[in-house]
Amino acid sequence: MTSTDTSANPTSSDPAAAQDGAPVMLALHQTALGGPEVLRLTALPRPTPGPGEILVAVHAAGLNPTDFKHRALTVFLPPPPLTLGWDVSGTVVETGFGVTLFQPGDEVFGMLPYPHGAGSHAEYVTGPARAFAVKPAGIDHVQAAALPLAALTAWQALVDTAGLRAGQRVLIHAAAGGVGHLAVQIAKERGAHVTGTASAPKHDFLRELGADACVDHRTEDFTDTGEPYDVVLDALGGETATRSAGVLRPGGVLVSLLPGAADTRAAAEKAGIRAVNLLVEHDRAGMCAVADLVERGRLRAHVSGTFPLAEGARAHAQGETGRTTGKLVLTVR
């Protein structure tokens, strides 16, 4: 394989392989752990779909905090070499044996199996057909690519795990982030009263999404609430998870996306609540539910920035500032 300096060859993500049929592609690849500088636009063999899989020509691929973590550390994946990325929106090029849901030419979006299915930050990717759904016609590939992992996380946390229903009160931490801003919309669609934590400049954004109340995490204490919540969605972990146990009514549900402090479990038992950690799963039913919300105008991803695949390192650097509202997306075609 050969590496390409992304700054020296910013247009090299043009998919020549798709034009001449050569079994190669360009991918945002790394051979070592480290900062954004380890990412290189690299020529790799184009994958072939196996049984039950589809080959997708990637038009756009979302970025998530888990990409930054796996680039720098050995978390769930083995050490490099590796190509990251779980969010994808694109066009089906080829189907493997047994696939009945899609055919070449279909526009699809989905989340590759997390964590071991990574690889969407490339011109082509394969994945299980049932990790995908038909891309809603009313949004482009950039919008579609911003949705899968974050929207599935929010859906699986609020709907599948917490069983959120109309009239309940939910607190969403980091509500202006990738998962958070979609969770606000899903909770409102379920008929819940939504409070979100975020810095004060992002409160207008949250209110536009439907949040009923906002808490400035820099100057206000989210535990200072006059009425307990039924559900808390915690994307921060640590002490935030532990303290969140105290704002739930008995029988309430705390869903954390990161590990809490050592005493979170004890705090949950004392408060008489259910505390769980959620790891998102690829899920065709969930993807179809997300697509339905999009088609009905009830869910939209806020994309705060796009970057060509060749500038993936710059996208990682921006994402790691922790100041992104909504999502960042890599554009491939």
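Which residue in S13 is the bridge partner of Ile172? The legends below take up this pairing and its surroundings in a predicted model, in which local features need pLDDT of at least 70 and side-chain atom pairs count only at pLDDT 80 or more, while totals for chains, interfaces and linings use all residues. Residues are numbered from 1 along each chain as its sequence is written, and side-chain values use heavy atoms, with hydrogens and water left out.

**View 1. Pairing of strands S10 and S13.** The bridge partner of Ile172 in S13 is Leu233. Strand S10 (residues 169-172) and strand S13 (residues 229-234) pair in the parallel sense over 3 bridges, where pairing requires at least two DSSP bridges between two strands and strands are DSSP runs (E, at least two residues), as helices are (H or I, at least four), numbered from the N terminus.

**View 2. The open sheet.** Six strands, with parallel pairing, follow the order S12-S11-S10-S13-S14-S15. Strand S12 (213-216) and strand S15 (274-277) are the edge strands, each pairing on one side only.

**View 3. The largest nonpolar core.** Among its 87 residues, those touching the most other members are Ile54, Phe132, Leu147, Leu158, Val170, Ile172 and Leu206; such a core joins buried Ala, Val, Leu, Ile, Met, Phe, Trp, Tyr and Cys residues through side-chain atoms within 4.5 Å, buried meaning under 20% relative accessible area, exposed over 50% and partly exposed in between (1.4 Å probe, protein chains only). Helix H4 (residues 148-161) gives the most to this core, with 9 residues.

**View 4. Cys214 and Cys288.** Cys214 counts as buried because its relative accessibility is 14%, whereas Cys288, at 33%, counts as partly exposed.
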